[in-house]
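Open the model in your viewer and keep the selection tool at hand. The tour moves from one selection to the next and says what is there.

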Amino acid sequence: MQNKPPEWPEEIFAVLRTREITQICHVPDAGHDRLIRLCNAQNDMSVTTLTTEEEGVGIVAGAWLGGRRGVLLMQSSGVGNTINALALPAACRMPFLTIVTMRGEWGEGNPWQVPMGQGAPGALEAMGVTLFRVDRTEEMADIVNAAAAQAFNNMCSVAVLISQRLIGAKGFK
Amino acid sequence: MSKITLQRRDVVGTLLAPRKPNLLVVGGLGSPSWDIAATDDNPQDFCLVGAMGLAVPVGLGLAEARPNNRILVITGDGEMLMGIGSLSTVAHARARNLMIVVLDNEQYGETGGQPTHTAGDTDLVAIAAGSGIRTTATIRTENELNELALSIHEIDGPAFYVVKVTPDLPGAVYPPLDGAFAKDRFRMAVLKDQIT
């Protein structure tokens, strides 16, 4: 059976447009691939490929200083790279929004993804980041929209964790 | 190679002397932030007092958000080394209004003067050039510094300069340590009535 591609990347994209989020930072990620392509096709979006995720925390903070909203798209393994950087939005009471595709939690095929995947929620919470989790595709638009509102209305750090169940485990065998 | 004589605080004073109203400054953790605060307590300066390695990314995000401003990142060699990959990101983003100046004293001044890798064989200008930043130079003399300061509003970015400075650390003059205040002060000065 041919699987129809999921529509939730389009739904996240629509939320980014509605919420006027135009600085898109990412480390390439298969789960976010379609969303990144959609953003790349927009002239008024800056799509910045990072060498490591903490750069994205700095870039969206700089964007906010300049009056522009940003988002960091990453995979759960990247969460660990951002930890000290998260002091920046916290100490400055700046909004920070990240959308994280989870690994290591739903029949993961690569044991090396499990430690950071399992540790990512706790690590983010330890840094004062409010977590939203999406386990069902029909909740995607609502949750991403609420998370963006939470971050930008209240000047706080918010992460949306997209369950690996929605993306699928990468097989290594 | 000539002996290093430039003093860090004088360097920042010289760089900021010809400042025009469209210049925004980002300071990196440690002495560069103190040098900026000592030179010019300007609301259009945003000085990091943590998040080591993020001075250049903050400058890049700001440069893309404010294409009609000039953005000058002033940081140190230790701070730059911690975020060294960001030079590739800057080159790739081609931010024409972004200029980076590293005050290179070849040591971690804030923690007691332990040598950084620039005291050895590491060449930050070569790394920047290899990352794809086309305008780069090492500044060692007063004349070279004066020339750079005079062109600060004209240089086509992204541009990257290392200014070799002595290890002398002048007294710390702190920028606002409350980041929320610093951020609001900066945004009010830069965004004015466009604040949302």
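**Stop 1: helix α2 of chain B**

Select α2(B) and what surrounds it: its buried residues pack against α1, β1, β2, β3 and β4 of chain B. Some terms first. Helices (H or I, at least four residues) and strands (E, at least two) are DSSP runs, numbered from the N terminus. A residue is buried if 20 or more other C-beta atoms lie within 10 Å of its own, exposed if 12 or fewer, and partly exposed in between, with C-beta atoms placed from the backbone. Two residues are in contact if their C-beta atoms, placed in that way, lie within 7 Å.

This is a predicted model, in which local features need pLDDT of at least 70 and side-chain atom pairs count only at pLDDT 80 or more, while totals for chains, interfaces and linings use all residues. Residues are numbered from 1 along each chain as its sequence is written, and chains are lettered from A and ligands numbered from 1 in the order in which they are written.

How many of the 9 residues of α2(B) are buried? The count is 8, so the helix is largely enclosed by the rest of the structure. Color B:Ser31, B:Pro32, B:Ser33, B:Trp34, B:Asp35, B:Ile36, B:Ala37 and B:Thr39 to see the buried set. The helix spans residues 31-39 and lies across β1 (23-27), β2, β3 (70-76) and β4 of chain B. It runs at about 125 degrees to β3(B). Such angles run from 0 to 180 degrees between N-to-C directions, and axes are lines fitted to C-alpha atoms, for helices over the stretch in contact.

**Stop 2: helix α1 of chain B**

From B:Thr39, go to B:Asp10. The two C-alpha atoms are separated by 8.7 Å, though the residues are 29 apart along the chain. B:Asp10 sits in helix α1 of chain B. Is B:Asp10 buried or partly exposed? It counts as partly exposed, because it has 16 C-beta neighbours inside 10 Å.

Helix α1(B), residues 8-16, packs on it at an angle of about 35 degrees, with the axes 8 Å apart. Show B:Val11, B:Thr14 and B:Leu15 on α1(B), then B:Leu145, B:Asn146 and B:Ala149 on α7(B); these make the contact. By class it has 4 nonpolar, 2 polar and no charged residues. (Ala, Val, Leu, Ile, Met, Phe, Trp, Tyr, Cys and Pro count as nonpolar, Asp, Glu, Lys and Arg as charged, and the others, Gly among them, as polar.)

**Stop 3: the sheet of chain B**

Select the strands of the open six-stranded sheet in the order β2-β1-β3-β4-β8-β7 (chain B); the pairing is parallel. Strands pair if DSSP finds at least two bridges between them. From one strand to the next, the twist averages 15 degrees.

Zoom in on β4(B), residues 98-104, and β8(B), residues 159-164: 6 bridges join these parallel strands. B:Val102 stands opposite B:Val162 there.

**Stop 4**

The open sheet of 6 strands here has the order β2-β1-β3-β4-β6-β5 (chain A), with parallel pairing. β2 (46-49) and β5 (130-134) of chain A each have a single partner strand, so one side of each is left without a neighbour in the sheet.

Select β6(A), residues 157-162: 6 of its 6 residues are buried. A:Ser157, A:Ala159 and A:Leu161 point one way, and A:Val158, A:Val160 and A:Ile162 the other. Strand β4(A), residues 96-101, is joined to β6(A) by 6 bridges. Click A:Val158: it is the bridge partner of A:Leu97, and A:Thr130 also stands opposite it. Now trace the chain from β5(A) through helix α7(A), residues 140-154, to β6(A); this β-α-β crossover is right-handed. (With the strands pointing away from the viewer, the path from the first strand over the helix to the second runs clockwise.)

**Stop 5: where the chains meet**

Show both chains. 29 residues of chain A are in contact with 30 residues of chain B. On chain A, α3(A) gives the most to this side, with 10 residues. By class, the side of chain A has 13 nonpolar, 12 polar and 4 charged residues. The predictor gives the complex an ipTM of 0.97 and a pTM of 0.96.
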